[in-house]
Every structure is written in structure tokens, then in C-alpha cells.
Amino acid sequence: MTTRMNMQRWLMITPAVVFFAVFALVPMVMAVYFSGLDWNGIGKATWVGGANWAQVFHDTEALKALRLTIWVMILSWLIQTPFSLLLGVYLASGQRHRAVLAVFYFTPLLFSSTAIGITWSYIFNPNFGLVTALLKALHIGSGMQNWMGNPHVALFIVALVIAWQFIPFHTLLYQGGARQIPDSLYEAARIDGARPLEIFFHITLPQLKYTFATSSILILTGSLTYFDLIYVLTSGGPGDATNVLAMDMYKQAFVNQHIGYGSVLAVILAIAGVLLSLIMLRATGFNRMESQMEGM
């Protein structure tokens, strides 16, 4: 009986293992191999060992791209987390009108990054964009400002658009987590005379700590791989103001045809994502997989 159950378990996890190996493990091994090559992707490849890796530490463009990536991570977390948390808790209640509002809140999840990038590039267009029209109507400034062409604000606009796209997803996480909180906790707090803010900070937030950890990990690690939206919005510009590490990897590998050096940046992104996830799991205690309801 035990042998049969073990075989069933292996059969159940085999598709996931095969999928992970084909689409994650094998490409990563190939990227590590390519990182030791001097190759343009077409001609003969030459093995150069760690020369490509050594180049990273002397490449000011790559170091700036790393700093910009960190900024995108910070901005994404600061914008997405509070909005997602508040919206998720708000939508978790049973009122009918909130279910209707949820349909509009989750609309960005239906669009591709390319469609979102094109739409927002029109919104911020200095000639006929919605932002320009609003500023003119409110008599703020000159109205016609090249928002995406300003190196001082382009990165913040990119972070805002990214937040607009992914806040609905994280709202779903918090909404699901909030609905799992027992009503008995809230009833006991109300009987004790707790105010709504006290209930939120002393009951809702502590009960959502693992949802918070999951959402934060997804935001921070996802920020390492933002490419398509930034490519459509700014292509890394103006200049290199939004040239994050994923964008720099693309340019090095496919524009400059330095496949080896681009693979180095790809491996760095993967390692950074894994390390960041492990650090977050350890810092939040989520790796222990203990129940939030323990002791109740």
C-alpha cells in the first residue's frame, strides 16, 4: 500500500518537475555556459572563462542599471503594498457594491504589458495626452511637458504604470487572506470596544503577515525582470534613465550581440531573485509554514 502511494505521489509531481526542468533549469544551465563564451549568436563561439564576469565590475552602465533596478524594486513595493493591502481588505467584506467595484479594480489584469505600455505612452503624450489635457484644464504649468522624455521623472512614471498593472493581482492576494480571518476575532474585538483602526492594526494586519510576505516577495523578485513594459514605454530612455538590468541584458545580448555578457547579466538576475526570496522567507518566518491560527 505504501509503495503504491509513493508511486502515485511521484506520478503527480512528475509533470511539474518536467516543466521546471525544461523551462527553468535547462535554460539556466545554458545561460551559465553561455556566460563563459565570446559569441555574437551566429558565428563561432570562443571560450573566455570568467572574462565576461570580470567585465561586470568595470562596466559603469551595468552598475547604473543595477542601481536603477533597486530603485524600481523600492518604488514598486512602496506604491503597490499599501494600495493592494487597503483595497484587498476593503473588497473582502460582503457588501454587494464592493463586488461590483472589484470588477473595475481588476481590469488591468486582463491587458498585456504591451497594450498597457502603448496606452500609457498615449496618456503621457505631451501633445494630445490625457495628462496634458488635465493640466491645461486646471491651468497647471504650461501643460505640454514631455514626461517620458524627462530623465528625472521617467523612472517614477514607469514605477507608477507597473503599479497600476500589478496592484489588482496583489489585491486579490490580500482579499483572499482577509476572507480567511475568522469573524469571531472581529466580534470579540467589537465586544471589547475596539475601534475600526484598532481592529485593523491589531487583528487584520497580524493575520495577514504571511500574505504580506508572499506579496512582498513577488513584488521584489518580479521587479528584477521588468522588461516588456519598460521596453514599450521608454526603451530604457531617455538616455539610460530607465535602463534597468533586464533591459541592459537585452541590449547587450541582442542589440550589441554580446551573448556571453548578456548571459552573465541574466544569471545575476536569477541569483539575485533566489537570494532575495530566501532572505525574505527567513526574515518573515514564512519558511516555517506554521499556521497563523495556531494557539486559537
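E198 counts as partly exposed in this predicted model, at 33% relative accessibility, and its side chain meets that of R195 in a salt bridge with an N to O distance of 3.7 Å. R195, with a relative accessible area of 58%, is exposed.

**Salt bridges**
- K64 forms a salt bridge with D240, and the closest N and O atoms of this pair are 2.9 Å apart.
- The pair links distant parts of the chain, since K64 lies in helix α3 whereas D240 lies in the loop between α11 (228–233) and α12, 176 residues apart.
- K64 is partly exposed, with a relative accessible area of 29%, and D240 is likewise partly exposed, with a value of 30%.

- D248 is placed in helix α12, which covers residues 245–255.
- Not counting residues up to four places away in sequence, D248 touches E61, A62, A65, N243 and L265.

**Helix α10**
- Helix α10 (residues 209–222) has 14 residues, which at 1.5 Å a residue should span 20 Å, and its end C-alpha atoms are 20 Å apart, in agreement with that expectation.
- Because 10 of its 14 residues are buried, α10 is largely enclosed by the rest of the structure.
- Among the buried residues of α10 are Y210, T211, A213, I217, L220 and G222.
- The cover over the buried residues of α10 includes α3 (60–91), α7 (154–179) and α13 (259–284).

**Two further buried positions**
- N52 sits in helix α2 (residues 51–56) and is buried, with a relative accessible area of 9%.
- Apart from residues up to four places away in sequence, N52 touches S35, G36, L37, G260, Y261 and V264.
- G129 is found in the loop between α5 (113–123) and α6 (130–137), where it is buried, with a relative accessible area of 1%.
- Leaving aside neighbours within four places in sequence, G129 is in contact with Y122 and I123, while G129 and T119, which are 10 residues apart in sequence, have C-alpha atoms 9.9 Å apart in space.

Definitions and conventions:
Residues numbered from 1 in each chain as written. Predicted model: local features only at pLDDT ≥ 70, side-chain atom pairs only at ≥ 80, totals over all residues. Heavy atoms only, no water. Helix = DSSP H or I, 4+ residues; strand = E, 2+ residues; numbered from the N terminus. Buried < 20%, exposed > 50% of the residue type's maximum accessible area, 1.4 Å probe, protein only. Contact = heavy atoms within 4.5 Å. Expected span 1.5 Å × (residues − 1). Salt bridge = Lys/Arg side-chain N within 4 Å of Asp/Glu carboxyl O.
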